[in-house]
Amino acid sequence: MIPDWMNATEAGPYQGAASLAKKKGFAKKTVDGVLAFFQESLISETFAKRKGLLQSLDPRVKLISMLVLIVGVTLMRSPWVLLIIYLLTLGLAYFSKIEVLWFVKRVWVFIPIFAGVIVIPMLFNVFLAGNVLVPIATLGNGSHLGPIALPSSIYITQQGTTYVVTFILRVAACVSLAILLFLTTQRDLLFKSLRTLQVPKVYVLTINMCYRYIFLLLDTIADLFTARRSRQIVSLPLREEQKWVGGRVGYMLVKSLDMSDKVHQAMISRGFDGDVKLMHVNVMRHRDYAAIVTVLACCVILGLISQSLISI
Amino acid sequence: MQTIFDLQNVSHSYLDKFEALKDINITMTAGEQITVLGANGSGKSTLLLILDALIYATSGEVYAFGKPVTEERFNALEDNEFAQYFRTKVGFVFQNPDVQLFSSTVFDEIAFGPLQLGLPNDEVKKRTEEVISMMELSSLRDRAPHTLSGGEKKKVCIASILSINPDVLLLDEPTGGLDPRSQLWLIELLQDLAKAGKTIITATHDLDIVEQISTRAIVFGEDHTIKADSNCDTVMNNLELLMSANLIHKHMHRHGKLMHEHLHSPDGEHHHEQ
């Protein structure tokens with residue numbers, strides 16, 4: 001039944017040399033990335049189940065409070081007030097039984113990516129004129145960078161530094177608030193509480209489903225890359241690798257479209273007729289009213305400070 | 001007995017090119033337990049999708065509960081009493097649990113069906129809790145579907161259908177991917193549901209479960225037509241038929257009605273207890 005060449009077997013100790021990999025291949029990196037995401041989300045979900053301060057609040061209250069606070073923070077111009085708010089978020093993390101160091105690291109991973117790149121140029125007198133804080137270089141008169149005329153000397157300005165610190169603190173406070181909301185609320189309850197903001201039910205259901213299927217599709221991607229590693233005998237040229245990845249992207253698109261059809265069928269089969277019905281299980285308690293009043297009061301104070309109607 | 005499904009000369013093809021069902025005539029009555037047998041690609045799943053009014057016959061006529069099943073009838077946006085009645089009465093357990101488990105927790109998944117059918121929240125909660133308890137899913141209540149094992153996912157899929165309390169259950173390859181213990185659990189559950197008077201229609205190619213979960217078997221050939229529609233005994237003892245439908249292989253054998261326990265030893269011998 002089997003061809004002759006398949007009858008040949010060669011078992012025995014390997015006599016050749018074995019080299020150690022200096023760096024991970026892209027397949028391994030992708031699988032590791034997917035697994036790290038799973039691990040991270042599993043850790044995140046354990047925080048939501050802890051018995052801490054923010055976990056004890058109604059998710060709707062938390063969602064509205066965090067949004068209001070974020071708006072309040074964006075209005076603030078004083079770096080000192082922003083620093084106090086940031087420190088308060090660390091306090092909230094502590095009382096919500098989140099390891100503060102872990103929380104700080106998680107927040108500051110985003111800052112250089114989202115804020116640093118945008119705002120760093122503002123340090124220099126090229127973009128924002130001001131008093132010299134740290135001289136960088138003297139270029140002389142008439143210097144150009146392409147079509148842009150440069151000043152005779154480049155330096156970091158005091159005003160630029162204040163601007164950058166304020167901006168970064170503002171982003172850090174906002175990101176901390178958003179992450180606190182995400183960490184201390186079960187995903188399904190968080191998505192459902194979007195209904196409080198009059199987000200249409202169909203969007204709430206779609207967000208919920210997207211989050212659920214991210215895991216499934218990532219799992220499939222990890223399987224694809226693992227299967228490839230198991231059959232890869234020699235390294236292929238970069239172009240071949242890119243072709244393979246492109247092919248898998250297409251495959252995942254087709255697979256997810258096929259799955260979306262089937263998921264829709266499964267929904268229809270259970271009575272879905274386009275009008276989503278969700279169950280509301282949350283009940284507001286005294287502490288929820290207290291929290292929302294406190295947050296609103298804080299925001300009013302922040303607003304008054306930002307408009308210089310009161311000072312600290 | 002009331003006729004549940006009546007299919008007359010039904011054919012279905014995908015993209016007008018790939019034939020999945022050819023000239024099918026079946027009548028299914030209330031309280032029957034039917035197994036639909038066939039090799040991969042013979043049209044079993046397509047038949048179940050047609051029975052659940054998720055896809056429609058490209059030719060022929062389908063009747064459910066005495067009413068014609070047509071796309072217009074089910075896709076109407078206005079209040080559609082018949083479609084709602086149908087969805088309350090017929091439940092479909094899909095082959096791939098990941099297709100069916102789209103909610104973020106097990107509780108929400110089981111509550112989804114009753115909620116869509118417009119039951120009040122209290123009733124939905126009560127029903128969901130009862131199904132969770134009946135299916136012994138309490139420890140998984142707040143878990144996300146992606147964190148469950150294959151067997152657990154299947155259990156939740158079935159629970160999410162039972163919470164609607166349909167009279168007719170359609171199951172597509174229900175034992176696929178289940179370990180032996182979970183398979184036995186499923187067989188016992190289907191037997192209990194049969195005793196409760198449910199109509200159970202199961203598509204499978206797992207011959208070992210046929211006689212345990214059904215009294216009638218419909219065999220599909222690889223040409224997408226019905227090769228046999230009879231009681232389980234007759235079908236399961238017709239080796240020539242099973243072979244022609246590619247359901248058994250020359251080296252496979254059956255022991256008729258003889259019930260016995262035996263082990264397959266690692267040396268490949270088939271030992272029977274005396």
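**Exercise 1. In which crossing, right-handed or left-handed, does H4(A) pass H5(A)?**

Solution. This is a predicted model: local features need pLDDT of at least 70, side-chain atom pairs count only at pLDDT 80 or more, and totals for chains, interfaces and linings use all residues. Residues are numbered from 1 along each chain as its sequence is written, while chains are lettered from A and ligands numbered from 1 in the order in which they are written.

Step 1. Find the two helices. H4 covers residues 100–119 of chain A, and H5 covers residues 158–184 of chain A. Helices (H or I, at least four residues) and strands (E, at least two) are DSSP runs, numbered from the N terminus.

Step 2. Look at the axes. They come within 9 Å and cross at roughly 140 degrees. Axes are lines fitted to C-alpha atoms, for helices over the stretch in contact, and angles run from 0 to 180 degrees between N-to-C directions.

Step 3. Name the angle. H4(A) and H5(A) are therefore oblique to each other. Angles under 35 degrees count as roughly parallel, over 145 as roughly antiparallel, 65 to 115 as roughly perpendicular and the rest as oblique.

Step 4. H4(A) passes H5(A) in a right-handed crossing. A crossing is left-handed if the near helix is turned anticlockwise from the far one by less than a right angle, and right-handed if clockwise.

Step 5. List the contact. From H4(A) come Arg106(A), Val107(A), Phe110(A), Ile111(A), Phe114(A), Ala115(A) and Val119(A). The H5(A) side includes Val164(A), Phe167(A) and Ile168(A). Residues are in contact if their C-beta atoms, placed from the backbone, lie within 7 Å.

Step 6. Sort it. The contact of H4(A) with H5(A) holds 13 nonpolar residues, one polar and one charged. Ala, Val, Leu, Ile, Met, Phe, Trp, Tyr, Cys and Pro count as nonpolar, Asp, Glu, Lys and Arg as charged, and the others, Gly among them, as polar.

**Exercise 2. Describe how H2(A) packs on H5(A) and on H9(A).**

Solution. Step 1. Take H5(A). The axes of H2 (residues 59–75) of chain A and H5(A) come within 9 Å and cross at roughly 175 degrees. That makes H2(A) roughly antiparallel to H5(A).

Step 1. Find the residues. Among them, Lys62(A), Leu63(A) and Met66(A) lie in H2(A), and Arg170(A), Ala173(A) and Cys174(A) in H5(A). This contact of H2(A) with H5(A) divides into ten nonpolar, two polar and two charged residues.

Step 2. Take H9 (residues 286–306) of chain A. H2(A) and H9(A) pack at about 10 degrees, with axes 9 Å apart. That makes H2(A) roughly parallel to H9(A).

Step 3. Find these residues too. H2(A) gives, among others, Val61(A), Ile64(A) and Ser65(A), and H9(A) gives Asp288(A), Ala291(A) and Ile292(A), among others. The contact of H2(A) with H9(A) counts twelve nonpolar residues, four polar and one charged.

**Exercise 3. Is chain A spread out or a compact globule?**

Solution. Step 1. Count the elements. Chain A has nine helices and four strands. Along the sequence the pattern is α-α-α-α-β-β-β-β-α-α-α-α-α.

Step 1. Compare. The radius of gyration of chain A is 27 Å, well over the 20 Å that the globule rule gives for 312 residues, so chain A is more spread out than a compact globule. The radius is taken over C-alpha atoms; the rule is 2.2 Å times the number of residues to the power 0.38.

Step 2. The C-alpha trace of chain A spans about 90 × 65 × 40 Å along its principal axes.

**Exercise 4. Which helix gives the largest share of the side of chain A that touches chain B?**

Solution. Step 1. Count both sides. 21 residues of chain A are in contact with 24 residues of chain B.

Step 1. Name the helices. H6 (187–193), H7 (201–231) and H8 (238–269) of chain A each supply at least two residues to the side that touches chain B. The largest share, eight residues, comes from H8(A).

Step 2. Sort them. The residues of that side of chain A are eleven nonpolar, four polar and six charged.

**Exercise 5. What is the strand order in the open sheet of four strands of chain B?**

Solution. Step 1. Read the order. It is E2-E1-E4-E5 (chain B), with antiparallel pairing. Two strands pair if DSSP finds at least two bridges between them.

Step 1. Find the edges. E2 (18–29) and E5 (67–68) of chain B each pair on one side only.

Step 2. Check one pair. Five bridges join E1 (residues 3–14) of chain B to E4 (residues 59–64) of chain B. Gln8(B) has Glu61(B) as its bridge partner in E4(B).

Terms used. Two residues are in contact if their C-beta atoms, placed from the backbone, lie within 7 Å.
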